[in-house]
Amino acid sequence: MLGKIFLLKGDLDKAIEIYKKAVEFSPENTELLTTLGLLYLQLGIYQKAFEHLGNTLTYDPTNHKAILAAGSMMQTHGDFDVALTKYKVAACGVTESPPLWNNIAMCFFGKKKYVAAISCLKRANYLAPLEWKILYNLGLVHLTMQQYASAFHFLSAAINFQPKMGELYMLLAVALTNLEDTENAKRAYEEAVRLDKCNPLVNLNYAVLLYNQGEKRDALAQYQEMEKKVNLLKYSSSLEFDPEMMEVAQKLGAALQVGEALVWTKPVKDPKSKHQTASTSKATCFQQPLGSNQALGQAMSSAATYGKLPSGAGGTSQLTKPPSLPLEPEPTMEAQPAEASAQTREK
């Protein structure tokens, strides 16, 4: 109970210390082990999280909370088949769990089985119609399948529940762009830029739209803003940039006749090391409009797992992970308000 009080106060460090002491007194208590594992997972300490969740499954192989959390870590690192195997075990005990069906769906999405992904997400949405992360994922899968009207429908619903998330507006703008509603797409991008101060994909996609509309000066301003964010991220985080994002940025930089100095890799001490710069593409490639349906839709997709997942669900280590938002079970399901956990996000 003391640990739950610290969690309600938002003091994760003290809560972890309390739960560690509790586990010393009760090393076989699966509830304590699971909660401690989930807290480590929220903080991105995956090794300790996996250790405690593994201990939980040793004592109780059917503990659905621990299975979901362990499966979500495997899923985050791209091991979809093993994660699905874990989820099958959980499905035997909790057949109507929205986080479970969300995670199963995004495993299928990672395996490029989009129809199966939509089917599972529709079931999750039926069980939890007010869960914005499920709506986010539905919009994302429909965008990937180039079903832009359906994507617009689900992303709009997600925005109603989560109006302060810039990436949702960016994805909505991508859908509107492909529905040829340029004016509303610009408005959505403006809102995304206002809300999201860290994600360079927002500025890149907006710059692509402006360039294709012939507004090169505004496109240049967005491109330069993207450069600032990229340079900041290089030094402040361990993220790796999505190769497609780099390619589109290089093409746009060449088209705008800027960007030769943009370096995507972190500086290293070896002066002989080669950096990948934005000057590798030829400007002659850009007589065609930038950002085709496929390129624009995929370039935006890595935003979903950019940096830390929303609601403290544990960040991903790369910008290149599949654009799912696996949901984590909350470590204090009884004590905390019912906001679904993420990336964004079931874990």
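Visitor: What are the ground rules for the values?

Guide: Residues are numbered from 1 along each chain as its sequence is written, and side-chain values use heavy atoms, with hydrogens and water left out. As the model is predicted, local features need pLDDT of at least 70 and side-chain atom pairs count only at pLDDT 80 or more, while totals for chains, interfaces and linings use all residues.

Visitor: How many helices and strands does the protein have?

Guide: The protein has 16 helices and zero strands. Helices (H or I, at least four residues) and strands (E, at least two) are DSSP runs, numbered from the N terminus.

Visitor: Why is L210 called buried?

Guide: Buried means under 20% relative accessible area, exposed over 50%, and partly exposed in between (1.4 Å probe, protein chains only). L210 has a relative accessible area of 3%, so L210 is buried. L210 sits in helix α13 (residues 200-212). Leaving aside neighbours within four places in sequence, L210 is in contact (heavy atoms within 4.5 Å) with K186, E215, D218, A219 and Q222.

Visitor: What makes the pair of F109 and Y114 tilted?

Guide: Rings of Phe, Tyr and Trp (its six-membered ring) pair if their centres lie within 6.5 Å; planes under 30 degrees apart count as stacked, over 60 as edge-to-face and the rest as tilted. F109 and Y114 are 5.5 Å centre to centre with 55° between the planes, so the pair is tilted. F109, at 6% relative accessibility, counts as buried, whereas Y114, at 23%, counts as partly exposed.

Visitor: Why is the pair of W132 and Y136 called edge-to-face?

Guide: The ring centres of W132 and Y136 are 6.2 Å apart and the planes stand at 70°, so this pair is edge-to-face. Both residues lie in helix α9 (residues 132-144), four residues apart, about one turn of the helix. W132 and Y136 are both buried.

Visitor: How do you know that the buried residues of α2 line one face of the helix?

Guide: The buried residues of α2 are A15, I16, Y19 and V23. Seen down the axis of α2, they fall within an arc of 100° (taken from the directions from the helix axis to the C-beta atoms), so they line one face. On the other side, D13, E24 and F25 are exposed. The cover over the buried residues of α2 includes α1 (2-9) and α3 (30-42).
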